[in-house]
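Please view the sequence and the model together while reading the points below.

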Amino acid sequence: MAAKFNTAGPFVWNDAVADATATPYFPLGTKREEDGKAYRYVQFNDGSGNIAAAAGAVAYSLAAATNRWVVTCDVSDTDQNQVAGVLLSIVTNLYYGWMQTGGYYATVKTNGDDDIAAHVSLFGVGDGTCDSMAADTASTNKILGYAAAADVDADNTVAAILTLD
């Protein structure tokens, strides 16, 4: 009898999700799932406004790019309906790294209005930030996820469950 092997075992990644590199390790858009979270491999572009990447910043697909996984935090170079995920770390302009698209993220940057309640939908609203819409309101914007708790006013962040992937 031939030996049987488990070929459906977990894939072992050779990098950390917070890593950023000058050259790509994976094809853009590669999906990664671990610890109940989903990630996408992207290239960061700081856009015409030179909006730097930051951990917790909302990222959008860059309008001028031919690949939707080239992302920016500069909403003037895209559309807030092109929300793609949340950055995990500082990524240098034109470098490659992971952004989170699904699961719990503790510190998503908000627009600073200090009005986000728990369990409301979140959407991209500005340069690297999100805001909420009133409960039971139909969204005209692509939903980033929902607030897991009320926003932290002093930090302009909100704990969120991301639902893009």
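Helices (H or I, at least four residues) and strands (E, at least two) are DSSP runs, numbered from the N terminus. The model is predicted: local features need pLDDT of at least 70, side-chain atom pairs count only at pLDDT 80 or more, and totals for chains, interfaces and linings use all residues. Residues are numbered from 1 along each chain as its sequence is written, and side-chain values use heavy atoms, with hydrogens and water left out.

**The loop residue S89**

- S89 is found in the loop between β6 (83-87) and β7 (96-109).
- The S89 side chain reaches the backbone oxygen of A18 at 3.0 Å.
- Contact means heavy atoms within 4.5 Å; apart from neighbours within four places in sequence, S89 is in contact with A18, A53, A54 and A55.

**Strand pairing around β8**

- Two strands pair if DSSP finds at least two bridges between them.
- Strand β8 (residues 121-126) and strand β10 (residues 143-147) run antiparallel and are joined by three bridges; the bridge partner of F123 in β10 is I143.
- Four bridges link β8 to strand β9 (residues 129-132), also in the antiparallel sense, and S132 in β9 is the bridge partner of L122.
- The hairpin of β8 and β9 has two residues between the strands, and G128 in this hairpin takes a positive phi near 75°.

**Strand β11 and V158**

- V158 belongs to strand β11 (residues 157-163) and counts as buried at 1% relative accessibility.
- Not counting residues up to four places away in sequence, V158 touches several residues, among them Y105, V108, I116, L122, C130 and A147.
- From C-alpha to C-alpha, V158 and D19 are 23 Å apart in space, and they are 139 residues apart in sequence.

**Cysteines**

- A disulfide is a covalent bond between the sulfur atoms of two cysteines.
- Here a disulfide is counted as a pair of cysteine sulfur atoms within 2.5 Å, and by this rule the count comes to zero.
- C73 is in no disulfide, and the nearest cysteine sulfur, that of C130, is 12 Å away.
- C73 is buried, with a relative accessible area of 1%, and C130 is buried at 0%.

Terms used. Buried means under 20% relative accessible area, exposed over 50%, partly exposed in between (1.4 Å probe, protein chains only). A polar contact is a pair of N or O atoms within 3.5 Å; within protein, one must be able to donate a hydrogen and the other to accept it, and residues adjacent in sequence count only if both atoms are side-chain atoms.
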